[in-house]
Amino acid sequence: MGSGAVQMVCVGLGVLGLIGAIVCCAVPRWKVSSFTGSNIVTAQSNQDGLWMSCVVQSTGQQQCKNYDSLLVLASDLQAARAMTIISILLSCLSLLILFCGADFTTCVQNEDAKPKISLVAGIGMLLAGLLVIIPVSWSAHIVVRNFNDPMVAPNMRRELGACIFVGWGAGVLLLLGGGLLCCFSRPRSGSSGGTAKYYSNGASAPNKNYV
């Protein structure tokens with residue numbers, strides 16, 4: 001079973017990944033205006049997120065508007081909403097499970113069950129990391145494709161926002177924490193039950209000698 005130090009590192013990675021996933025979900029910085037071409041107005045900048053679209057003036061004023069309906073959103077945006085929310089919930093659940101099965105806590109008294117609990121937490125963090133990386137990579141692919149498409153008007157082109165990179169970082173942290181848990185939370189081959197079995201066989205040997 002993994003040591004308490006490794007599990008504490010995994011808790012730190014999981015918390016950082018959870019914070020990054022929350023920021024990625026809440027902040028409207030998935031797509032930003034692309035200032036290319038000759039007729040681009042730089043007095044304002046458009047910023048699109050999962051829940052709202054904002055217009056930032058050159059004076060610093062910002063106006064945001066929620067999307068009118070879920071049905072009019074693009075498929076990648078709808079999927080990104082669902083996957084990021086599931087990733088946040090799964091990260092929270094995995095961290096709670098990890099606290100219960102960690103060596104530095106006494107929530108679970110059974111030492112044989114702690115490796116299995118930590119392994120479940122590691123698998124949950126791996127899934128949470130994938131659920132963050134998939135939507136941000138999908139959105140980044142669409143942004144790059146539209147940016148290089150000559151049929152798209154220059155004023156409609158977007159560039160990668162900060163949340164895309166935050167999502168990638170959060171996903172990597174969750175994958176790293178989950179991978180460490182899965183590697184260091186496997187039960188040992190020689191458990192206490194196996195040791196007791198060898199002692200019982202040794203105790204029966206003198207009886208055979210008397211016969």
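Me: Is Cys 25 buried or exposed, and what is its relative accessible area?
Reply: This is a predicted model, so the value is computed from predicted coordinates. Cys 25 falls below the 20% cut-off for burial, and Cys 25 therefore counts as buried, with a relative accessible area of 8%.

Me: Which cysteine sulfur is closest to that of Cys 25, and how far away is it?
Reply: A disulfide requires two cysteine sulfur atoms within 2.5 Å. The sulfur of Cys 25 is too far from its closest cysteine sulfur for a bond, and that closest sulfur belongs to Cys 24, at 7.4 Å.

Me: How many disulfides does a search of the whole structure find, and which residues form a disulfide?
Reply: The search of the whole structure finds one disulfide. Its sulfur atoms lie 2.0 Å apart, and they belong to Cys 54 and Cys 64.

Me: Which strands hold Cys 54 and Cys 64, and what is the handedness of their disulfide?
Reply: Cys 54 is in strand β3 (residues 52-57) and Cys 64 in strand β4 (residues 62-66), so the pair ties together parts that are ten residues apart in sequence. Cys 54 is buried at 0% relative accessibility, whereas Cys 64 is partly exposed at 41%. The torsion about the S-S bond is about 105 degrees, so the disulfide is right-handed.

Me: Which element gives the most to the largest nonpolar core, and how many residues does it give?
Reply: The largest nonpolar core has 26 residues, and those with the most contacts inside it are Trp 30, Leu 50, Leu 98 and Leu 181. Two or more residues come from each of α1 (4-26), α2 (75-101), α3 (114-147) and α4 (162-184). The element that gives the most is α1, with seven residues.

Me: What span should α1 have, and against which helices do its buried residues pack?
Reply: At 1.5 Å a residue, the 23 residues of α1 should span 33 Å, which agrees with the 33 Å between its end C-alpha atoms. Among the buried residues of α1 are Val 6, Leu 13, Gly 17 and Cys 24. The buried residues of this helix pack against α2, α3 and α4.

Me: What is the geometry of the aromatic pair formed by Phe 165 and Trp 168?
Reply: A search of the whole structure finds one aromatic pair. Phe 165 and Trp 168 are three residues apart in helix α4, and are therefore separated by about one helical turn. Their ring centres are 5.7 Å apart and their planes at 75 degrees, so the pair is edge-to-face.

Technical notes: Residues are numbered from 1 along each chain as its sequence is written. This is a predicted model: local features need pLDDT of at least 70, side-chain atom pairs count only at pLDDT 80 or more; totals for chains, interfaces and linings use all residues. Side-chain values use heavy atoms; hydrogens and water are left out. A nonpolar core is a set of buried Ala, Val, Leu, Ile, Met, Phe, Trp, Tyr and Cys residues joined through side-chain atoms within 4.5 Å. Buried means under 20% relative accessible area, exposed over 50%, partly exposed in between (1.4 Å probe, protein chains only). Helices (H or I, at least four residues) and strands (E, at least two) are DSSP runs, numbered from the N terminus. Rings of Phe, Tyr and Trp (its six-membered ring) pair if their centres lie within 6.5 Å; planes under 30 degrees apart count as stacked, over 60 as edge-to-face and the rest as tilted. The expected span of a helix is 1.5 Å times one less than its number of residues. Contact means heavy atoms within 4.5 Å.
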